[in-house]
Amino acid sequence: MKTLTIGKILHDYQNYLTEYEINELRIVQKEKTDFSTQVKALQLALFAEEWDFMTREISDSGNPMSQEYTDRVNKKREAFGVSPIDDAGFATDKTSNLFCEEVVRQTKNYKEILEHKRKKTKQIVFVDMDNVLVNFQSGIDKISDEDKVKYRGDLDEVPGIFSLMEPYEGAIEGYIWLAKNFDTYILSTAPWDNPSAWTDKLLWVKKHLPEVAYKRLILSHNKHLAHGDFLIDDRTANGAGEFSGKHIHFKEKGKGFEDWKTVIAYMKKLA
Ligand SMILES: [Mg+2]
């Protein structure tokens, strides 16, 4: 999915937009409402077709049921990397909503971000440990063959395994950069049936990120309860999938965050 600002859409994508959409976009651009209000307003301005089938009057773009109309809106949607509407005029998934969230985030004109600037505070980022900060495989590689057999299928329960793990490639540099530019915390889950993991995770942080992550380690099976702006996590388990801010799905195919380099490049635009 493309990441654009409202300004860039108005500048580079006018050919895809009606006069109505352009005017509505300009109105949203000036708004300083909170994040979710701005996302809704943007979605209404840019993708009014998703409501046209109900009102038939919101936009000036013609009869919502005509082929010409459908072709035009789908051409626009394609240009933004958003899924087309179906023959009945319905949005088929949440891509338009996700696109608008990203545009508002990149435009940086919403209430919460302006408040941060005014108060000189930073957005909150949570970073997962296993397979994000920590190379889980490097721990497995160091355990005995005996333990590999004994704990097959539950390798995270091998006593002491977390103390053996090396940092993930680019993770230390990435975390240090994040800690300078965001209010950054580690948010990890330690296995319930492996008590030494709870200690080992603390010791790992003390060893590899002693200053930047000092007293910033949160161990939880309920990541959705952590209130913040970003969560960098390779999984949706333990509440990560229900996180209220943006879930940066590390290493997930097609999400565009395949390594620390791409994560930091993205975060640089939002710092
Ligand atoms: Mg993980």
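**View 1. Contact between helix 10 and helix 12.** Ala171, Gly174, Trp177 and Leu178 of helix 10 meet Trp260, Val263, Ile264 and Met267 of helix 12; two residues are in contact if their C-beta atoms, placed from the backbone, lie within 7 Å. Sorted by class, this contact holds 7 nonpolar residues, 1 polar residue and no charged residues. Ala, Val, Leu, Ile, Met, Phe, Trp, Tyr, Cys and Pro count as nonpolar, Asp, Glu, Lys and Arg as charged, and the others, Gly among them, as polar. The two axes come within 10 Å and cross at roughly 15°; axes are lines fitted to C-alpha atoms, for helices over the stretch in contact, and angles run from 0 to 180 degrees between N-to-C directions. Helix 10 and helix 12 are therefore roughly parallel to each other, given that angles under 35 degrees count as roughly parallel, over 145 as roughly antiparallel, 65 to 115 as roughly perpendicular and the rest as oblique. The crossing of helix 10 past helix 12 is left-handed, a term used if the near helix is turned anticlockwise from the far one by less than a right angle, with right-handed used if clockwise.

**View 2. The protein chain as a whole.** This is a predicted model, in which local features need pLDDT of at least 70, side-chain atom pairs count only at pLDDT 80 or more, and totals for chains, interfaces and linings use all residues. Residues are numbered from 1 along each chain as its sequence is written. The secondary structure of the protein chain comprises 12 helices and 7 strands; helices (H or I, at least four residues) and strands (E, at least two) are DSSP runs, numbered from the N terminus. The C-alpha trace spans about 70 × 45 × 30 Å along its principal axes. Of the 271 residues, 30% count as buried. A residue is buried if 20 or more other C-beta atoms lie within 10 Å of its own, exposed if 12 or fewer, and partly exposed in between, with C-beta atoms placed from the backbone. Among contacts between residues at least 6 apart in sequence, 60% join residues at least 24 apart.

**View 3. The largest nonpolar core.** In this core of 36 residues, Val127, Val132, Leu133, Ile186, Leu231 and Ile232 touch the most other members. A nonpolar core is a set of buried Ala, Val, Leu, Ile, Met, Phe, Trp, Tyr and Cys residues joined through C-beta atoms within 7 Å. At least two residues of the core come from each of strand 1 (124–127), helix 10 (171–181), strand 4 (183–188), helix 11 (195–208), strand 6 (230–233) and helix 12 (260–270). Helix 10 supplies the largest share, 4 residues. Leaving aside neighbours within four places in sequence, Val127 is in contact with Val132, Leu133, Tyr175, Leu178, Thr184, Ile186, Leu187 and Ile232. A second, separate core of 15 residues includes Val28, Leu42, Leu46 and Phe47.

**View 4. Packing of helix 2 against helix 3.** Helix 2 (residues 19–30) and helix 3 (residues 35–46) pack at an angle of about 165°, with their axes 8 Å apart. The two helices are therefore roughly antiparallel to each other, and helix 2 passes helix 3 in a left-handed crossing. Glu21, Glu24, Leu25 and Val28 of helix 2 meet Gln38, Ala41, Leu42, Ala45 and Leu46 of helix 3. The residues of this contact divide into 6 nonpolar, 1 polar and 2 charged.

**View 5. Packing of helix 3 against helix 6.** Here the axes lie 9 Å apart, at an angle of about 120°, which makes helix 3 oblique to helix 6. The crossing is right-handed. Helix 3 contributes Phe35, Gln38, Val39, Leu42, Gln43 and Leu46, and helix 6 contributes Ser96, Asn97, Cys100, Glu101, Val103 and Val104. By class, the contact has 7 nonpolar, 4 polar and 1 charged residues.

View 6. Most residues other than glycine have a negative phi. Lys108 has a positive phi, near 55°, and is found in the loop between helix 6 (95–107) and helix 7 (111–119). With 13 C-beta neighbours inside 10 Å, Lys108 counts as partly exposed. None of the 9 residues of helix 7 is buried, the count being 0. Lys120 follows helix 7 with a positive phi, near 60°, and its place is in the loop between helix 7 and strand 1. Lys120 counts as exposed because it has 6 C-beta neighbours inside 10 Å.
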